[in-house]
Amino acid sequence: MPFNLPIALTWLRVAAIPLLIAIFYLPNSWLTPFEKNLFATIVFVLAALTDWLDGFLARRMQQESAFGQFLDPVADKLIVAAALLVLLNMDRVQVWVALIIIGREITISALREWMALLGSGKSVAVHMVGKLKTTAQLIAIPFLLLNDTLFGWLDCARVGTWLIWVASFLTLWSMFYYMKKALPQLAGKID
């Protein structure tokens, strides 16, 4: 297992998950509800920025690796799922949204594993629609975590809700895209 700066940043994203969750369980005497929302938003945004940074550095420093390509999307999925569960627990996101996003991640991960076993893993390689889905999620979640009014007029809860609905649509679209790409190979291999 290689270890370099890009992979360290990816591991940092995974390590941010318990911190993100723990912030909301701190006593109100330590942090006010607003401070909890703010700190959780900052942790999530910094973690999301490492998603871009680790890939950029891996390409720039010529440190791309199979392990890094495996770990990066896993880290994305873990932090998004953790944030969604926190938001669900605080009643800031609907159950159907969390089910669509988390269910899609499980489905596509299983599909990719199955396709790799069939020797057709490239047919379900990451596509632009998957990247759009991830970007939409990484933008929507901070608004939902902050759950406040910015600049006296920007209702983060409302904007976050709209954006997570868009992210849910993109999530379903990307799932159907990958399943459609895999169908020809699967149809010939299913007994």
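Contact, on this tour, means heavy atoms within 4.5 Å. The structure on screen is a predicted model.

**Stop one: K133**

Select K133, which is found in helix α5. Is K133 buried or exposed? K133 counts as buried, at 3% relative accessibility, because the cut-off for buried is under 20%. Now show what surrounds K133. Leaving aside neighbours within four places in sequence, K133 is in contact with R104, E105, A167, L170, T171 and S174.

**Stop two: α3 and α4**

Select residues 66-89, helix α3, and residues 95-117, helix α4. Their axes come within 10 Å and cross at roughly 160°. Angles over 145 degrees count as roughly antiparallel, and α3 and α4 are therefore roughly antiparallel to each other. The crossing of α3 and α4 is left-handed.

Coloured by class, the contact of α3 with α4 has nine nonpolar residues, one polar and three charged.

**Stop three: the largest nonpolar core**

Leaving aside neighbours within four places in sequence, L84 is in contact with V93, A98, I101, I102, I141 and I164. L84 belongs to the largest nonpolar core, which has 29 residues. Those with the most contacts inside this core are L20, F44, I79, L84, I141, L145 and I164. Select these together to find the core in the viewer.

Next, colour the helices that supply it. At least two residues of this core come from each of α1 (5-23), α2 (33-60), α3, α4, α5 (128-146) and α6 (156-189). Which helix gives the most to this core? That is α3, with seven residues.

Another core lies apart from the largest one. It has six residues, and I108, L111, M175 and Y178 are among them.

In soluble globular proteins, nonpolar side chains tend to be buried together.

**Stop four: L5**

Finish at L5, in helix α1. L5 is partly exposed, with a relative accessible area of 44%. Leaving aside neighbours within four places in sequence, L5 is in contact with L57, M61 and Q63.

Terms used. Residues numbered from 1 in each chain as written. Predicted model: local features only at pLDDT ≥ 70, side-chain atom pairs only at ≥ 80, totals over all residues. Heavy atoms only, no water. Axes fitted to C-alpha atoms, helices over the stretch in contact; angles between N-to-C directions. Helix = DSSP H or I, 4+ residues; strand = E, 2+ residues; numbered from the N terminus. Parallel < 35°, antiparallel > 145°, perpendicular 65-115°, else oblique. Left-handed = near helix turned anticlockwise from the far one by under 90°. Nonpolar A, V, L, I, M, F, W, Y, C, P; charged D, E, K, R; others polar. Core = buried A, V, L, I, M, F, W, Y, C linked by side-chain atoms within 4.5 Å. Buried < 20%, exposed > 50% of the residue type's maximum accessible area, 1.4 Å probe, protein only.
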